[in-house]
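User: I would like to learn how to read a few features of a protein model. Please take them one at a time, with the general idea before the case.

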Amino acid sequence: MGVGYAVGKRITVVDRSVHPKLCCLLLIALCASLTACSSLKRNAPPVELMEQSTIPGMPDVRAWAGRPSPAMERDLEKSFTQESPEDFPRGADGIVHYPHLALSGGGPNGAFGAGLLNGWTSTGQRPVFKIVTGVSTGAMMAPFAFLGPSEDDALREFYTTTASRDIFTPKQSIIRQLLSGESLADTGPLAGLIAKHVDAAFLQKIADAHAHGRRLYVGTVDLDSQRFVVWNMGVIASSGRPEALELFRKVVLASASIPVAFPPVFFEVEVQGRRYDEMHVDGAVATNVFYNGGVFSAPAARQRAGRENGQADIFIIHNGQLGPVAAVTPRTLRGIAVRVLDSAGKSTVIGDLFRIYVAALYEEASFHWITLPDGVEIAGNEAFDPIKMRHLYDVGYEVARAGPVWSTLPPGWRLSGPPPVSKSGGEAGVSPARSPGPIPAQDR
């Protein structure tokens, strides 16, 4: 969701676009300086069996990032036989364009993405997304974005009325938590908020969209194996199992659980007939935004399904700012730490964008990304300040209404030669006919 540190009995925001794992380093260093902390009891899988663990009764709902998953490949291939030509029509060029939405982390800055999506709806040009992926706050908004404009009101409410008290409750003794606890705050309020929005009817809507050939993926990090995990949320929703609703909610909660600040989320897993627990945290510990995590190849799945004339159009919404902000750094531990975290966090996001861009070139997909405009003040009076979030929502809404300017090359990259050519005959970095807004010429 965001990044914070403890002061007294409250959580204060450092910078809400900073990468969570860097915040962890700061907090862990503090813990280590105090004592060799005692550990709470665990029932973790044996190290040599961790990669074999599955969710009981639902073995195909997730995959380890970075390696192809036969189950994920089969499911995506099946999606092309389930889809409707009304959702994904063949264009005049003979190409079927498949919009793919990737939503980043960023905590309360997710209000920008929510506003952008709703403003996009108001233009009448928002496409039906074939695939939606989300991490951290992006995982919170991904189910709403996946279901489309029918959930715009709920998305707006979530990101314009939520306050810190609706997300977490600081624990009473910070020192005790540093010495023998697992987090500085409790996320009971956030779990309740997720449960309020994700009920049985909502889960059925996810299952229905899945049955019509669309796919929703959320990322978490398994700390035990140090792996990014991609969850197939539509398979969970469609499983028909009584525990599906609870699992769906837990995955979303885990993806937004900033380690150290918030408690980890434990999943019961099964290995060789025995049950264990896995410890999962915020997906942004590994990546702030992801395309497919390397668990499947969309072109290969399309080819096997007889959809050779298809092309992915990737749209990335970064809920934060990437531009450098010049300022005098205070000669204090806190001042130096904040600037280091901010700088490193931005670099991490830039790396994520380059990685997705390379994947887009390899798959002959179009590539578009957008971020919070520089100069917009993002700091509020509290970690989750509804007044500031409403402002960020309005910024996103107006950016979309004006015709969003999507960057089509990674940050700082300018082509010196002719751009790559996509299947449709256009530039690989430029959206074809179904672009939701103008493409800046300087990035072509």
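User: In this predicted model, is Glu364 buried, partly exposed or exposed?

Analyst: Buried means under 20% relative accessible area and exposed over 50%, with partly exposed in between. Glu364 has 31% relative accessibility, so it counts as partly exposed. Glu364 lies in the loop between α12 and β13 (366-371).

User: What is the phi of Glu364?

Analyst: Most residues other than glycine have a negative phi. Glu364 is not a glycine, yet its phi is positive, near 55°.

User: Which value does phi take at Ser136?

Analyst: Ser136, also not a glycine, has a positive phi of about 60°. Ser136 sits in the loop between β5 and α4 (137-147). With a relative accessible area of 2%, Ser136 is buried.

User: How many residues of strand β5 are buried?

Analyst: Strand β5 spans residues 131-135, and five of its five residues are buried. Ile131, Thr133 and Val135 point one way from the strand, while Val132 and Gly134 point the other way.

User: Which strands pair with β5, and in which sense?

Analyst: Strand β4 (residues 96-103) pairs with β5 in the parallel sense over four bridges; within this pairing, Leu103 has Gly134 as its bridge partner. Strand β8 (residues 215-222) also runs parallel to β5, joined to it by five bridges, and there Val135 stands opposite Gly219.

User: What handedness does the unit of β4, α3 and β5 have?

Analyst: The β-α-β unit made by β4, helix α3 (residues 110-122) and β5 is right-handed.

User: Which residues touch the most other members of the largest nonpolar core?

Analyst: In soluble globular proteins, nonpolar side chains tend to be buried together. Here the largest nonpolar core has 77 residues, and those touching the most other members are Leu101, Tyr159, Trp231, Met233, Ile236, Phe248 and Ile317. Leaving aside residues up to four places away in sequence, Phe248 touches Pro143, Val198, Leu203, Ile206, Leu216, Met233 and Ile236. Another core, of 39 residues, lies apart from the largest one; Ala102, Val221, Ala360 and Leu409 are among its members.

User: Where is Gly323, and which residues does it touch?

Analyst: Gly323 is in the loop between β12 (310-318) and α12 (333-363). Its relative accessibility is 11%, so Gly323 counts as buried. Not counting residues up to four places away in sequence, Gly323 touches Lys346 and Asp374. Gly323 and Pro373 are 50 residues apart along the chain, and their C-alpha atoms are separated by 8.7 Å.

Terms used: Residues are numbered from 1 along each chain as its sequence is written. This is a predicted model: local features need pLDDT of at least 70, side-chain atom pairs count only at pLDDT 80 or more; totals for chains, interfaces and linings use all residues. Side-chain values use heavy atoms; hydrogens and water are left out. Helices (H or I, at least four residues) and strands (E, at least two) are DSSP runs, numbered from the N terminus. Buried means under 20% relative accessible area, exposed over 50%, partly exposed in between (1.4 Å probe, protein chains only). Contact means heavy atoms within 4.5 Å. Two strands pair if DSSP finds at least two bridges between them. A crossover is right-handed if, with the strands pointing away from the viewer, the path from the first strand over the helix to the second runs clockwise. A nonpolar core is a set of buried Ala, Val, Leu, Ile, Met, Phe, Trp, Tyr and Cys residues joined through side-chain atoms within 4.5 Å.
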